[in-house]
Amino acid sequence: MRYVQLRAFHQVAISGGFSRAAEALFLTQPAISDQVRKLEEEYDVLLFNRNKKQVTLTSQGQRLLEITHRMFETEQQALELLTESRALRSGTLRIVADAAHHLLHILGAFRDRYPGVQVSVRSGNTETVISSLYSYEADIGVLGEMPAGRDFEMLKLNSTPIIAFVSADHPLATRKSLTLNQLAQEPLVMRERGSKTRKKLEDLAAALNVELRPAIEAEGREAVREIVASGAGVGFVSAAEFGHDSRLAPISINAPETLMDEALICLRERSGGKLVRAFLDTARSMSND
C-alpha cells in the first residue's frame with residue numbers, strides 16, 4: 001500500500017470528484033485516477049461508484065475514508081508540532097456557530113494574542129455544527145446543547161433560559177411575563193427543525209399540554225429576529241442571545257425554566273491541534289477571570 005494511493009483516494013473522497021482532487025493536489029486527473037485504480041486492483045475492492053455526473057463512495061470506501069481522515073489528521077498534527085510557531089503566526093481556524101454572539105469576547109482576545117491567524121466563522125444549527133466537525137469542514141463548533149458521547153472535547157460557556165420576544169410596539173411589549181399557553185395564542189415565528197432552541201421549547205410545550213403551531217418558520221436566528229422586529233409575531237431565543245435591540249422587547253416565560261447551554265466543542269482527536277488548543281485555552285482563561 002502506497003501513501004500516494006491513499007492520498008489520492010482521500011482527496012477524491014473529500015473533494016467529490018477526480019478533477020477537483022487533481023486540482024487540490026496539483027496533479028493531472030489521469031494521475032489521480034491511476035493511483036485510485038491501482039489501489040482498488042491491488043486489494044480487489046471497489047471504493048467509488050462512478051458515473052458521468054458524480055462519484056460516490058461505496059460502503060468499503062466510506063469505511064476507508066473514516067481511517068484516512070484520522071491518518072491525515074494525525075499527519076497534520078505532526079506538521080503543526082514541527083511548525084508550531086508558524087501555525088500560530090499564520091494559520092487558519094474554522095469555526096461554525098449556532099450563534100456567533102457567544103464568541104465575540106473570545107474572538108477579540110484570541111486576535112490580540114494571535115493577530116496573524118485567519119479566523120473564519122459561519123453559522124448553522126446544531127445538526128450543521130456537529131456534521132461540520134465530523135466531516136473536518138470546521139475545527140471548532142459553538143452550539144446550544146452538549147452532545148452525548150465521547151467524541152468531543154467541550155468547554156461550557158454559559159447557561160441561560162429560553163425567553164420570548166416581540167417588537168417594541170407590539171401589544172404584548174409591556175408584559176414582563178406570560179405563560180406558554182398565552183404565547184401560543186399569538187402568531188409564532190419559530191426556527192427551522194433541527195434547531196435545539198425549538199426542540200427544547202416543543203418538549204416544554206408537550207409537557208404542559210400546549211400546542212405550538214408556527215405561523216412563520218424561518219431558517220436562522222437573525223431571520224427570526226428581523227421578522228419579529230417587523231411586528232409579524234412572537235419569537236423565542238435564549239436570554240444570552242437576545243442581546244440589546246431597541247426594536248425588540250423580551251418576555252419571560254412563566255413555566256418551568258428551560259435552560260440553553262452554550263459550549264465550544266471540537267473532535268477529541270483534533271483537540272491537540274495548535275490553533276484549536278490555543279483558542280480553547282483563550283476561552284478557558286477568560287472564563288476563569
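Ala, Val, Leu, Ile, Met, Phe, Trp, Tyr, Cys and Pro count as nonpolar, Asp, Glu, Lys and Arg count as charged, and the others, Gly among them, count as polar. Keep these classes in mind as we look around this predicted model.

Let's start with the empty spaces. Rolling a probe the size of a water molecule over the atoms shows where empty space is left. Here the count comes to three cavities of 30 Å³ or more.

What lines the largest cavity? Its lining is made of V189, M190, R191, T197, R198, L201, V224 and F236. Two elements, β8 (188-191) and α9 (196-207), each give two or more residues to this lining. By class, the lining has five nonpolar, one polar and two charged residues.

The second largest cavity is lined by D98, N125, T126, R191, S195, K196, T197, R221 and M260. How do these residues divide by class? One is nonpolar, four are polar and four are charged.

**A cluster of rings**

Now turn to the start of the chain. The UniProt annotation "domain: HTH lysR-type", from an unreviewed entry, covers residues 1-58. Over that stretch the chain is 62% helix and 10% strand, and the end C-alpha atoms lie 19 Å apart.

The model has seven aromatic pairs. Two of them are set out here:

| Pair | Distance between ring centres | Angle between planes | Type |
|---|---|---|---|
| F9 and F48 | 5.4 Å | 45° | tilted |
| F18 and F48 | 5.9 Å | 65° | edge-to-face |

Why is the F9 and F48 pair called tilted? Its planes meet at 45°, so the pair is neither stacked, which needs under 30 degrees, nor edge-to-face, which needs over 60.

Both pairs link distant parts of the chain. F9 is in helix α1 (residues 3-15) and F48 is in strand β1 (residues 48-50), 39 residues apart. F18, in helix α2 (residues 18-25), is 30 residues from F48. Together, ring pairs link F9, F18 and F48 into a cluster.

**A charge over a ring**

One last stop is F242. R225 lies over the face of this ring, at 5.8 Å from the ring centre.

Technical notes: Residues are numbered from 1 along each chain as its sequence is written. This is a predicted model: local features need pLDDT of at least 70, side-chain atom pairs count only at pLDDT 80 or more; totals for chains, interfaces and linings use all residues. Side-chain values use heavy atoms; hydrogens and water are left out. UniProt positions are given in the numbering used here, feature names are shortened, and annotations may be inferred rather than shown by experiment. Helices (H or I, at least four residues) and strands (E, at least two) are DSSP runs, numbered from the N terminus. Rings of Phe, Tyr and Trp (its six-membered ring) pair if their centres lie within 6.5 Å; planes under 30 degrees apart count as stacked, over 60 as edge-to-face and the rest as tilted. A charge sits over a ring if NZ of Lys or CZ of Arg is within 6 Å of the ring centre and within 35 degrees of the ring normal. On a 1 Å grid over the protein atoms alone, a cavity is a set of points where a 1.4 Å probe fits but cannot get out, and a pocket is an open set with protein on both sides within 12 Å along at least five of seven lines; lining residues have an atom within 4 Å of a point. Grid points are joined across faces, edges and corners, and a volume is the space filled by probe spheres set on the points.
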